[in-house]
Amino acid sequence: MTQEEDLFERLKNLPPRGHHAMLGLYSVADGPDWVEMACPYDPRLLMDADQGLVASGPILSLIDAAAGAAVIARTRQWRPMATLDMRVDYLRAARVGQTLHARATCHHLTRQVAFLNCEVHDGSPEDRVASATLSFFFMDEA
C-alpha cells in the first residue's frame with residue numbers, strides 16, 4: 001500500500017464480512033467526517049412478526065458500523081478501536097418493509113477517543129427512528 005492511497009476509499013471498496021454481510025449493510029454516502037450506511041429490510045430481522053417490530057440488534061449493528069466508518073472517514077487511518085459507549089434513544093418503531101439508514105458524524109477526536117452522533121431513519125431523515133451518541137476508544141499508541 002502506498003502513502004498516496006486513501007485508506008477510507010479502500011475501506012469503501014471492501015465487501016462486507018461477518019454479520020455486516022449477513023445483515024446486508026452497505027455504504028450510501030460519505031463526507032470528510034460522516035458516513036451514511038443502510039440495512040435493507042428483511043422479515044428475519046423482526047422481533048415480533050405480528051406487530052411488525054424490527055429487533056434492536058440490527059439497528060445497533062448499523063449504528064456501530066456507520067460510526068466506525070465515520071471515524072475512519074475523519075482520520076483517514078485504520079486504527080484498532082473498540083466501541084467505548086453507545087447510547088441509543090428509540091423515537092419510534094421502524095416501518096415494516098423499509099430500508100434503515102444511519103448517518104454517523106465524528107464531531108470530536110482526542111488522542112485516544114472519538115466522539116460521534118448518529119441518526120437513524122427509514123426513508124425520511126426528518127422522521128427519525130433513533131438517535132445515538134457514541135464514543136470509540138483507540139487501542140493503539142498513535
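User: Which side chain has a polar atom 2.7 Å from the backbone nitrogen of Arg-95?
Analyst: That's Asp-122: a polar atom of the Asp-122 side chain lies 2.7 Å from the backbone nitrogen of Arg-95. A quick note before we go on: this is a predicted model, where local features need pLDDT of at least 70, side-chain atom pairs count only at pLDDT 80 or more, and totals for chains, interfaces and linings use all residues. Residues are numbered from 1 along each chain as its sequence is written, and side-chain values use heavy atoms, with hydrogens and water left out.

User: Got it. What does the side chain of Asp-122 make a polar contact with?
Analyst: With the side chain of Arg-92, at 2.6 Å. A polar contact is a pair of N or O atoms within 3.5 Å; within protein, one must be able to donate a hydrogen and the other to accept it, and residues adjacent in sequence count only if both atoms are side-chain atoms.

User: And where is Asp-122 found?
Analyst: In the loop between strand 7 (113-121) and strand 8 (128-138). Helices (H or I, at least four residues) and strands (E, at least two) are DSSP runs, numbered from the N terminus.

User: Is Asp-122 buried or exposed?
Analyst: Asp-122 has a relative accessible area of 2%, so it counts as buried. The cut-offs are under 20% relative accessible area for buried and over 50% for exposed, with partly exposed in between (1.4 Å probe, protein chains only).

User: What does Asp-122 touch?
Analyst: Leaving out residues up to four places away in sequence, Asp-122 touches Arg-92, Ala-94, Arg-95, Gln-98, Thr-99, Leu-100 and Val-129. Contact here means heavy atoms within 4.5 Å.

User: Let's zoom out. How many helices and strands does the chain have?
Analyst: Three helices and eight strands. Starting at the N terminus, the order is α-α-β-β-β-β-α-β-β-β-β.

User: How does the radius of gyration fit with a compact globule?
Analyst: It agrees, because a compact globule of 142 residues would have a value near 14 Å and the chain has 15 Å. That radius is taken over C-alpha atoms, and the globule rule is 2.2 Å times the number of residues to the power 0.38. As for the box that the C-alpha atoms fill, it is roughly 50 × 25 × 25 Å along the principal axes.

User: What share of the residues is buried?
Analyst: Buried residues are 40% of the 142 in the chain. Also, take the contacts between residues at least 6 apart in sequence: 64% of those join residues at least 24 apart.

User: What about charges: how many positive and negative side chains are there?
Analyst: There are 13 positive and 19 negative ones, and the centres of the two sets lie 2 Å apart. Lys and Arg count as positive, Asp and Glu as negative, while His and the chain ends are not counted. Each charge is placed at NZ of Lys, CZ of Arg, CG of Asp or CD of Glu.

User: Now helix 3. What does Ala-66 touch?
Analyst: Not counting residues up to four places away in sequence, Ala-66 touches Val-35, Met-37, Ala-102 and Ala-104. Ala-66 is in helix 3 and counts as buried, with 0% relative accessibility. Ala-69 is found in helix 3 too, and at 12% relative accessibility Ala-69 counts as buried.

User: Last one: what's the phi of Arg-76 near?
Analyst: Near 60°, which is a positive value in a residue other than glycine. Arg-76 is in the loop between helix 3 (56-75) and strand 5 (81-90), and at 31% relative accessibility Arg-76 counts as partly exposed.
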